[in-house]
Amino acid sequence: MTCFFRRKIAAKLAKTLQQSEDVFVPALTAVPVLKKRPSADFRLSLETLRVNGILASSGDLQLQTENLAAQLKPDSVVGEISARQGLIYFKLNRSLLAEKLLEPFGKGENNNFGLNSELFETLKRGTILVEFSSPNIAKKFHAGHLRSTIIGNFIANLKQSLGNNVIRMNYLGDWGMQFGLLGAGFSRFGCMEKLKENPLQHLFEVYVQVNKEAEHSEDIKLAAKDFFRQLEQHENQAMSLWQQFREITVKEYQHIYKRLGVHFDVYSGESFHQAQTQEVIRELQSRGLLKTSEKGTSVVDLSPNGDMSNICTILRSDGTTLYITRDIAAAISRKEKYCFDDMIYVTDKSQENHFNQLFHILLTMGNSWAERCRHVSFGLVQGMKTRTGEVVFLEDVLDEARARMLHNMNQSNTTKELENPKDTAEKVGISALIVQDFKGPLRSDYKFDWDRMLQAQGDTGVFLQYTHARLCSLMQRNEGVEAAAFNPSCLCDRTGVAILQHLLRYDEVLYQSDQDLQPKYLVNFLLKLSHFIASAHRELPVKGSPPDVAQARLRLFSAARSVLASGMRILGITPVQKM
């Protein structure tokens, strides 16, 4: 167990420097594994100790490093201590490394490995509300919403796995002027029969048609404004049609979410907070924050000098609300209802200014908790096409990923006989989508590449699934291996040690992921683990090995499979048993 080793090294440092062990635990980091040459297991940065006032901040850093390293003596836990470039390196007793690290896997799979690390004791746990996906109702699920959905799901999974109470919210775009346009369009171009047959496709067609007409028709623009006014005043006929659109959409979306393995605790929407926007307006007025612009709109002045150089519009000139108005009301309502400790919004980077304004206004209204609201932004996906051209809808993307994966599996000589190949192709195709999306920084745009994404070799979701399925097959084939006492000294070869050293880093990777809310750290950790496992399959055979060697290697492979599966689930990937 990683904590055991950190604590032992921290105790050694504490005794030498006359400090508490606790100050050294977070300063000790696992060394990234180098495939080509052996490396130490943990390292300590002297600069960290200087910054924290544990060591003098002046003087020669390298000399200071060498002097401290010389005072630290090897023992039964730490076999070697060395100093280099302001860092002290600690190499652990190899047999003890295998014994302690694989101890949690003595009875098979362990889903909590790395999650109960003392590194997480400094993290504040509480109720976290994550708002993600948030498509607009009455429209088919656009592929552009894929990123918000899978990124938000990852954040929710990660926060929950680290002991937080997570509320997953889908805040639907179910209000606003676009429904005025759709309502006006449906009265002209809509058909109830077509709505029953293919609801979202028909609404999409109506929306496209009414938008085209509105470009050169003032009558349609006026009708749209009138329909939205009817909605804001809750007139029965308009509300009944709107409610029908909303129910149809949620039902269709739930089918997509089920395919993605995503669930929500709450389906909310802008419409839920329409009444509360009036309270927001009154409070802004009472605080003297609401001003009238030259255009007749109601605005909040966000400029530091109060010169109206940076304003946020809260009401249109006709008195109707905007997206920001409803978001202010929604945030206040959520705080009252869910008493969250943190709230995270997951949307594309084009909305960064919107959320800056939202948090600014909430703070100006006296809501100090707005400091614990966070916007996680992401870039665009470029070049997402099917064989037939541009992909617009997410269902097309999922169908295409499944079809291509099924084709690849049928062409492969190594594909196993599967009970439900279509279901396996679905899971593997979705994992390929997720890994391609998560490999880089979220704010970066990335180029979508079907062929590279679905390769079985290389850094892909298919490679992760293939590695997991291969480990499952190995465990099943060796269920009857003669049980022997676990002998950790059988795992002191370079290949076995590389996996053990890599597993030492798992809690640090989760910690870093929690701090930055970036999935790339976990994705790259799992991909590297899979490459180490591929080497181990070749170099550490179980079949034909002596019983104690076979038993030790199976324990190692079991640990690797368990951590791989655990990490995949946090990413939102369902591990497959066969492929």
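1. A salt bridge is a side-chain nitrogen of Lys or Arg within 4 Å of a carboxyl oxygen of Asp or Glu. In this predicted model, the side chains of D451 and R404 meet in such a salt bridge, with 3.8 Å from N to O. The pair links distant parts of the chain, since D451 belongs to helix α16 (residues 450–453) and R404 to helix α14, 47 residues apart.

2. The two partners of this bridge deserve a separate look. D451 counts as exposed, because its relative accessibility is 58% and the cut-off for exposed is over 50%. R404, with a relative accessible area of 13%, is buried, because buried means under 20%.

3. Salt bridges that share partners join R259, E395, D399, R402 and E426 into one network. Within this group, the side chains of R402 and E426 meet in a salt bridge of 3.6 Å, N to O. R402 lies in helix α14 (residues 394–411) and E426 in helix α15 (residues 421–438), so the pair ties together parts that are 24 residues apart in sequence. Both of these residues, R402 and E426, are buried.

4. The structure holds 29 salt bridges, and one of them is formed by the side chains of R334 and E131, at 3.0 Å from N to O. Because R334 lies in helix α12 (residues 323–338) and E131 in strand β5 (residues 127–131), this pair ties together parts that are 203 residues apart in sequence. R334 is buried, and E131 is buried as well.

Conventions: Residues are numbered from 1 along each chain as its sequence is written. This is a predicted model: local features need pLDDT of at least 70, side-chain atom pairs count only at pLDDT 80 or more; totals for chains, interfaces and linings use all residues. Side-chain values use heavy atoms; hydrogens and water are left out. Helices (H or I, at least four residues) and strands (E, at least two) are DSSP runs, numbered from the N terminus. Buried means under 20% relative accessible area, exposed over 50%, partly exposed in between (1.4 Å probe, protein chains only).
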